[in-house]
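Below are some notes on charged side-chain pairs. Please read them alongside the sequence and the model.

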Amino acid sequence: MGETTAETSSAELMVDLIISLDGYASAEGWPGWWGLEGPEYLAWLEEEGKKNYTFLLGANTYRVMSSMSGEAAAEGSGFSEDEGAALTGLDSVPKVVFSSTLQAPLTWPNSELVTGDAVEAVREMKRTGTRPLSTLGSLSLCRSLLTAGLVDRFRLVVFPVITGRTGRERIYDGYPDVSLEMVDSRTFDGRLQLLEYVPTVLTGPPDSSPA
């Protein structure tokens, strides 16, 4: 009733998301990371930044993250030292931005603009590339890549909050049915839960017949 989502390729693609317990990517009036980022999580983010990912993102995420990176580099930004390092560290990382509204050249260092079809562009990157690929935010892009069968890993960091009243950006709206095989998990700072899966897009309910 399903097929593994990732096509055979040399460049593995990971969808990487942060999420509230009730499935939102952010909440109105709440700070970034819901104010719950701790030293273990921030240290892990810094280490992840050294893994030679090429990050894939859409226009909205590009605008938000490039602005935050610029703010973090300024004096008196209000970001902690660890937060600032995580944000400014993205400057040196290769980034591919998919947008029909932005114009080249992009101002955020090491950012390449792609104006064509994102799914076809990523399919070609997976076919010809050697660097691992990871999404950065960009919920619509993540949904499109998963639905197209291009995702090798689906990784979440679950934050222990329910933002039913203030939650924004519902992550799973519009998704196909997907089964998930867990391949990794860990806890940061005693409260954040990392969950990593191999996804399989389903064409219907899973077979529940007795073996």
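1. Burial terms first: buried means under 20% relative accessible area, exposed means over 50%, and partly exposed lies in between (1.4 Å probe, protein chains only). The model is predicted, so local features need pLDDT of at least 70 and side-chain atom pairs count only at pLDDT 80 or more, while totals for chains, interfaces and linings use all residues. Residues are numbered from 1 along each chain as its sequence is written, and side-chain values use heavy atoms, with hydrogens and water left out.

2. The structure holds 10 salt bridges, a salt bridge being a side-chain nitrogen of Lys or Arg within 4 Å of a carboxyl oxygen of Asp or Glu.

3. Glu48 pairs with Lys51 in a salt bridge, with 2.6 Å between the closest N and O atoms. Glu48 is buried at 7% relative accessible area, whereas Lys51 is partly exposed at 44%. Both residues belong to a salt-bridge network that also links Asp16 and Arg155.

4. Glu124 and Arg127 form a salt bridge, their closest N and O atoms 2.7 Å apart. Both lie in helix H4 (residues 118-128), 3 residues apart, about one turn of the helix; helices (H or I, at least four residues) and strands (E, at least two) are DSSP runs, numbered from the N terminus. Glu124 is partly exposed at 37% and Arg127 exposed at 58%.

5. Asp152 forms a salt bridge with Lys126, the closest N and O atoms being 2.7 Å apart. Because Asp152 sits in the loop between helix H5 (139-147) and strand S8 (153-159) and Lys126 in helix H4, the pair ties together parts 26 residues apart in sequence. Asp152 and Lys126 are both buried.
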